[in-house]
Amino acid sequence: MKALKKLVFMAIMAVMVLSITLQSPKVGQAEEKTDYQKRELRAVWIATVANIDWPSKKGLSADKQKEEFIKLLDDVKGMGMNAVVVQVKPTADAFYPSKYGPWSEYLTGVQGKDPGYDPLAFMVEEAHKRNLEFHAWFNPYRITMNSTDINTLSADHPARQHPDWVLAYGKQLYYNPGIPEARKFIEDGIMEVVKNYDIDAVHMDDYFYPYKIAGQVFPDQATYEKYGQTKFSNIEDWRRDNVNTLVKDINTAVKSEKSYVKFGISPFGVWRNIANDPTGSETTAGQTNYDDLYADTRTWIQNGYLDYITPQIYWNIGFQPAAYDTLVDWWVKETIGKPVHLYIGQAAYKIDNNFVPEWHDPEEYVRQINLNHQYDTVKGSMHFSLKDLNRNPLGIKDRLTNDVYRHPALIPAMPWLDDKAPQKPKLRGAERTDEGVELSIEDHHNNKDTAYYAVYRFDGNHRGDIEDAANLLDTVRKTGESQTYTDATAEKGKTYTYVITAVDRLHNESGVNRSITVKK
C-alpha cells in the first residue's frame, strides 16, 4: 500500500512538473519581506561529538545533563523551531544502552561508563512534551576523532571485536564501508533505536567515505578486490554502490519496522561541479559528494531511498566557487516532482565568525531564508548548530524569534508515507482566567492518530483563515482524550475567536469542528 501511494504521488508530481515553468528568483528579491510560512521544517542540529552543543562538558551529573538539555529545548521552542536533530551516535558509540556500541565518552568522560540514566529516552520524551520532532542523528562509519590506536577504545567496543572491519585514514578509524557484514552491523545499530525509541526520523549527515586528505589514499584496495572487482570496473563506482546499498537498506528496514519514521540525510552542498558533469552545479568546489565522498545523492533522490535531503549549503549568496543562491536553485531542480522533501542546511556557525565580509552582514542569513521561501520546493531549514544561534551573533536569535519565525509552523506532510488526516477534535469550551484564556479540548476516544493540536486565534468575533500563518497561535502535544490549553498571550479587553485542529505525527491536519468566541 505504501509503495502504491508513492507511485501515485510520483505520477501526480510528474504532471505538476510538466505544467510548471521554474523561474529562479533574482538575488535582490531575497531582501524583500516574505510571507510567513504556515508549513516549514525549522530544525536545529544539536551536536554531541566533542561536546559541541550538549552536554557542555564531559562528566556532568545526570541531573545537570538533564537540566542543560531542557534549557536547550526551551531555547529551540522559544525561537519558533519545530524539530531537533540530536547526535545520538557520534563515534560508533551511543547515548543509550546499546548492543552495537559502548556508552559515549562525551557523557561521562569514559567510554563505556554508564551515565546512570537513558539520555535518549529522556531527550525524546522532553522534545515531544514541547511538540518538537526528534530526529536521531547517526554517524555511520566514524569510530574515533583523533586516534588510530584501536586499543584506546573501550574493551567491549565492537571495533575491537571485529578489527578486520576497521580502517585507519588520517588521524581516525572508520568502519570499512565495503564489507557487507560491517554495513549490516551499522544498519542493525540504527534499527535498535528505531525499534526501542519513539523517534520521528533517522538522520545521517555528510560523513560517508571520509573527506579526502591530500597525498593519502583510503586503504580499501584489498576490500575492493575481494568484494567488488568482478562487478565494478573501478573502485570509485564500487564505493558509491556501497553507500547506495547502505542508504537503501536502512530506508527499507526503517519503513518495515515503523512506516511513519522518516529517513533523511544532510550531504555536502555540492553533488558535482559542472566541469565534471554538464548536469552538475555551476560551482568549483574542491570536493564533491559524487567524486570524493562517494555519496550519489542523485541516485537516492531518483530511487526514493530517503524522505528528505538537506544539502549543507554553507556559503554566502554570490560566493563564486559555490554560491548559496546557485546551489539552492540546483537542488530545487534536482528534487522537484520527487517524493522527497528538500530542506536547506544553514551555516549559523559562520555568522559574524568568518573572514568573508558577507557573513558580517546582519541581513545575509535572513536573506538566505527569505530566498528559500521563494521556492515552493524548499520545505524548510536545518541550522548548524544550536550553540551558534544561542550566542546570538548579529542578533540572529532575536531576528528568528521576533520576525522570521515569529509565528509557529506545522512541519510539511509527506503524502507518500501517509495522507489520511485524523478526525476533527472538539473545542468544548473557552473561558478567561487569571493566566489568560483556557481552552478545553476533547478528542474521540478511538482517535489514536492525533499526535498534537494546532490552536488558531483570530481577533474579533469571526473565524478567519487557518491557512494564514499569522493565525496559528501554537501547537500542543496530545496528552489524553481531554486536556486544557491556556493562551497566556491573550490581552484583557480584547475579543478573540479560537478554533483547533488535530494533526497526526506525519503532520496531516484535520478540519475544524467549531469555533468559540471569548468576549472582552
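**Exercise 1. Describe the closed barrel and the pairing of its strands S7 and S8.**

Solution. The barrel is closed, has 8 strands with parallel pairing, and runs S1-S2-S3-S6-S7-S8-S9-S10. Strands are DSSP runs of E with at least two residues, helices are DSSP runs of H or I with at least four residues, and both are numbered from the N terminus. Two strands count as paired if DSSP finds at least two bridges between them.

The model is predicted: local features need pLDDT of at least 70, side-chain atom pairs count only at pLDDT 80 or more, and totals for chains, interfaces and linings use all residues. Residues are numbered from 1 along each chain as its sequence is written, and side-chain values use heavy atoms, with hydrogens and water left out.

Strand S7 (residues 262-265) pairs with S8 in the parallel sense over 2 bridges. Within this region, Gly264 stands opposite Tyr308 in S8.

**Exercise 2. Follow the chain from S8 through S9 to S10, and state the handedness of each crossover.**

Solution. Step one concerns S8 and S9. Strand S8 (residues 308-309) is joined to S9 by 2 bridges, and the two run parallel. Ile309 stands opposite Leu342 in S9. Together with helix H11 (residues 324-335), S8 and S9 make a right-handed β-α-β unit. A crossover is right-handed if, with the strands pointing away from the viewer, the path from the first strand over the helix to the second runs clockwise.

Step two concerns S9 and S10. Strand S10 (residues 378-383) pairs with S9 over 4 bridges in the parallel sense. Here Gln346 stands opposite His383 in S10. From S9 the chain crosses through helix H12 (residues 364-373) to S10, and this β-α-β crossover is right-handed.

**Exercise 3. Explain why strand S9 is described as largely enclosed.**

Solution. Buried means under 20% relative accessible area, exposed means over 50%, and partly exposed lies in between, with a 1.4 Å probe and protein chains only. In S9 (residues 341-346), 6 of the 6 residues are buried, so the strand is largely enclosed by the rest of the structure. His341, Tyr343 and Gly345 point one way from S9, Leu342, Ile344 and Gln346 point the other way, and all are buried.

**Exercise 4. Describe the open sheet and name its edge strands.**

Solution. The open sheet has 4 strands in the order S14-S13-S16-S17, with antiparallel pairing. Its edge strands are S14 (472-477) and S17 (516-518), each of which pairs on one side only. Neighbouring strands of this sheet are turned by 30° against each other on average, direction ignored. For this angle, axes are lines fitted to C-alpha atoms, for helices over the stretch in contact, and angles run from 0 to 180 degrees between N-to-C directions. Strand S13 (residues 450-459) is joined to S14 by 5 bridges and runs antiparallel to S14. The bridge partner of Tyr453 in S14 is Val476.

**Exercise 5. Give the volume of the largest cavity and the classes of its lining residues.**

Solution. On a 1 Å grid over the protein atoms alone, a cavity is a set of points where a 1.4 Å probe fits but cannot get out, and lining residues have an atom within 4 Å of a point. A volume is the space filled by probe spheres set on the points. The structure holds 2 cavities of 30 Å³ or more. The largest has a volume of about 90 Å³. Its lining has 8 nonpolar, 2 polar and 1 charged residues. Ala, Val, Leu, Ile, Met, Phe, Trp, Tyr, Cys and Pro count as nonpolar, Asp, Glu, Lys and Arg as charged, and the others, Gly among them, as polar.

Definitions and conventions
On a 1 Å grid over the protein atoms alone, a cavity is a set of points where a 1.4 Å probe fits but cannot get out, and a pocket is an open set with protein on both sides within 12 Å along at least five of seven lines; lining residues have an atom within 4 Å of a point.
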